[in-house]
Amino acid sequence: MAEVSKLPRRDFLKAAGTAGATGAAMATGLAGCSPTTGTPTSTEANASAAIQPPLVLTPEEEAFFSASVDTIIPADELSPSGTDCGCVTFIDRQLASAWGGGAKTYRAGPFVKGTPEQGYQLPLTPHQFFVAGIQAANEWSRKTYGKPYDALGPAQRAEALTAWEAGKAEFSSFDSRLFFQRLLQITMEGFFADPIHGGNRNKVSWRMLGFPGLPATYADKVDQYRDKPYVVDEPQSIADFS
Amino acid sequence: MATKLKEVDAVMIGMGMTGAMMAKEFTMAGLRVVGLERGPDRRPHEESILPRIRDELRYVQRIELMQDNSVDTIAFRNSSGQTALPIRRWSAFLPGEGVGGTLNHWGGMHWRYLPTDFRIRSVIRERYGASAIPPDMTIEDWPVTYDELEPYYDRFDKMCGAAGKAGNLKGRKIDGGNVFEGPRSDEYPTPPLKSSAGAVLMAEASRSLGFHPFPSPFGASSTPYTNIYGVQLGRCEYCGFCGRNTCEANAKASAPSHIMPVLRGDPRFELRTHAFVSKLIYDRQAKKVTGVLYTDMKTGEEYEQPANIVVLSAYVFGNTHMLLTSGIGQPYDPRTGRGLVGKNYCYQFEAPATAFFENRNLNPFIGAPGDRMVIDDFNGENFDHSGLGFFGGGYIVGGSGAAPPIGGRDVPPGTPAWGSQWKKETVRWYYRAIEFNTQGSVYANRANYLDIDPTYKDSLGRPLLRLTYNGTDNDHAMSRYLLTKVDAIIKAMNPTTYEMRPRPRNFTIVPYQSTHNTGGTMMGTSPGNSVINRYLQAWDASNLFIMGASTFPQQPGYNPTGTVGALAYWAADKILKDYVKRPGPLVQA
């Protein structure tokens, strides 16, 4: 897959089409269910976009995440869109992971709302939380704008996110502000985590920041770079050392 | 029915740092030791290696090394009028699991307490009058002095290969070190870390205000070093991944890297992992713990392990929980003030600030907690509290760097949290932030304590431990005072903009603040004021020794690990010199 991932996506699809029936079917199926973002896709970050079908996300959930991560991380002169950076792939893998299934979380009842100081008290795993939250968010979006969130234009998407962030949106039986906070957190994780997890494709956010990545052994560089920018040509990720 | 095993000389409950230290000291003296650890083994050569160790998502965000809340957690509430609810996933503090325990992922801040911290109740009464201490402030003198502990602080320094600069060598004050510290018998084993650019600026500003900056003492070797057990240590690489992770360089002190390499192969030592201790078997008449009951989580079998010496070396919560569920000692009751197990729970009262400098290049990814500069002018009784309306204090630390990008992206207040403007500001300020923190003390209050929760149970069916805690007026006043000093230092640095982040009124269980929980099995001078004596020996069970910060009467304005280490070596020495020859109470009640 290493060579394939360097190809632009349409070239990959062409290549996959000649690679045999299975590859072609997979590629076609993918092309069919990939959400259309409406934003221009950037070159390199798109290279390995949506090579594999989602592990757990439904089409509705994938469309929702694509629209929301593109609003949180819009394509501009600093980076491609959240979707093109791999944030949706990242979220899909995280929600399918042990963490997404509620591993290492105390889940015995009774379940009581509690005070804000007592933290998260719902029985929902991260995956269940987002499934329920997206349904509530889309229901709110239909009520407010007549369409699900992913069908909104960029201005309305931003307006909706702002309302959730401020806790001003009344979701049916769901905390819109908590939903926003967790959506923002998992999107940022996807944007900035090591690309091994499916987001931060081609280390786009690390290039944007100037974060050099690995190996992060600086003992001999501290004096030399004190108050001088330490810049590398190419940030290194876990895969680059593997 | 539990299978009864053959008696051993000593059993450790928890193979974190103190469990490993005690096991090592005991086996060197010829004792046969079994180490029970409820988590997995931790093997540095397999796990703490490049590139896998540099995975911020796995270790920092998903807290890979922490205790499994689905197995065991605690319940929390702010005050005794509320209903406690379980902490469903760790956040405000992060107890670790597996061999090495919580010290696997410490930040490495390596401190000694002040000589006055050990007799704080007496010092306050001497300086401010016999009635100066408010009635609800239940602080106590420690039953051990700084001078008594000093050789053991020194030994712990040399086990860790700690980096730093002495400010008081045998009474001689040394400029550039901490001139407020108690006399040290020796320098730090390795030199202080090189300062980050932000730390240099912080030190200059502090000096201009008449304060006394010095490099932060660090529980990692800054140069290659061979520790007291003959283990060869590497040097800190300023990687920035310290806080929730083990150390790829074998520099930051932890049991797996600093002790286990020489303990693992010792025929007198046996490590049993996934061994979950549920109970101490207590003989009330004999005032002894005859053994411990544990479940092998790999087979589901239950075992009884008899031992001559039982070392309770779990985390703070586990220690207190074990006494309460085993019926040892009297549980503390805040209404009457009677009972001692669970009393004087304390936390650490930290409050941060961030300053932004338009024209600086601070490389936020290069660094370690030990490359910062500190002032200790406003800690403990280093300053006059007359008319201030509070007691206690803390050190102030500042510097740049030491955070990977999911969690380490400071932006000025008022910046949007998402969208193009957020991105622009994030890039603009990424290289330009200096962070400050105040390591505030928590002085015990009768309303803050640990006991047993009436509702929630752990995976072994035991009731959860319940934490009742909120910040006190005293500690809030202390924290606000420290922040006025931070404010002055930041102003002297002339930043483009800055943000002070005072603590919210109520303690909240999110987000992360500090893993410095203390108290619950406090040490003292008599069974009337404490759970254990000055040698960490339980008053109610003479073969039970309790390690860790659960032994503290209250929490001074420093990180607890240095004192946790010193107390373990102090107790080990006494046990091996006296207790082994004549088992029984080391202090007469």
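What is the area buried between chain A and chain B, and what part of that area do carbon and sulfur atoms give? About 5,500 Å², with 60% from carbon and sulfur atoms. Buried area here is the accessible area (1.4 Å probe) that two parts lose on being put together, summed over both. In chain A, A:Lys104, A:Tyr106 and A:Glu117 lose the most area to chain B, together 17% of what that side buries. The contact draws 69 residues from chain A and 68 residues from chain B. Contact means heavy atoms within 4.5 Å.

Now the ground rules. This is a predicted model: local features need pLDDT of at least 70, side-chain atom pairs count only at pLDDT 80 or more, and totals for chains, interfaces and linings use all residues. Residues are numbered from 1 along each chain as its sequence is written, chains are lettered from A and ligands numbered from 1 in the order in which they are written, and side-chain values use heavy atoms, with hydrogens and water left out.

Chain B overall. It has 12 helices and 23 strands. Those are DSSP runs, numbered from the N terminus: helices are H or I with at least four residues, strands are E with at least two. Of the 589 residues, 66% count as buried. Buried means under 20% relative accessible area, exposed over 50%, partly exposed in between (1.4 Å probe, protein chains only).

Next, a sheet in chain B. Six strands form an open, antiparallel sheet in the order 8-16-17-18-15-21. Two strands pair if DSSP finds at least two bridges between them. Why do strand 8 and strand 21 of chain B each have one side left without a neighbour in the sheet? Because strand 8 (214–215) and strand 21 (497–500) stand at the edges, each with a single partner strand. Further in, 6 bridges join strand 17 (residues 394–399) to strand 18. B:Ile396 stands opposite B:Thr438 in strand 18. Helix 6 (residues 197–208) of chain B packs on this sheet, touching strand 16 (373–375), strand 17 and strand 18. Its direction makes about 130 degrees with that of strand 17. For angles, axes are lines fitted to C-alpha atoms, for helices over the stretch in contact, and values run from 0 to 180 degrees between N-to-C directions.

Strand 18 comes back with helix 10 (residues 419–429) of chain B. Buried residues in helix 10 include B:Trp422 and B:Trp429. What covers the buried residues of helix 10? Both chains contribute: the cover includes helix 3 (59–72), helix 7 (176–192) and helix 8 (204–209) of chain A, with strand 15 (349–356) and strand 18 (433–440) of chain B.

Last stop, chain A. A:Trp140 is found in helix 5 (residues 126–145). Is A:Trp140 buried or exposed? Buried, with a relative accessible area of 9%. Leaving aside neighbours within four places in sequence, its contacts include A:Tyr145, A:Trp164 and A:Phe171. The C-alpha atoms of A:Trp140 and A:Ser176, 36 residues apart along the chain, are separated by 9.8 Å.
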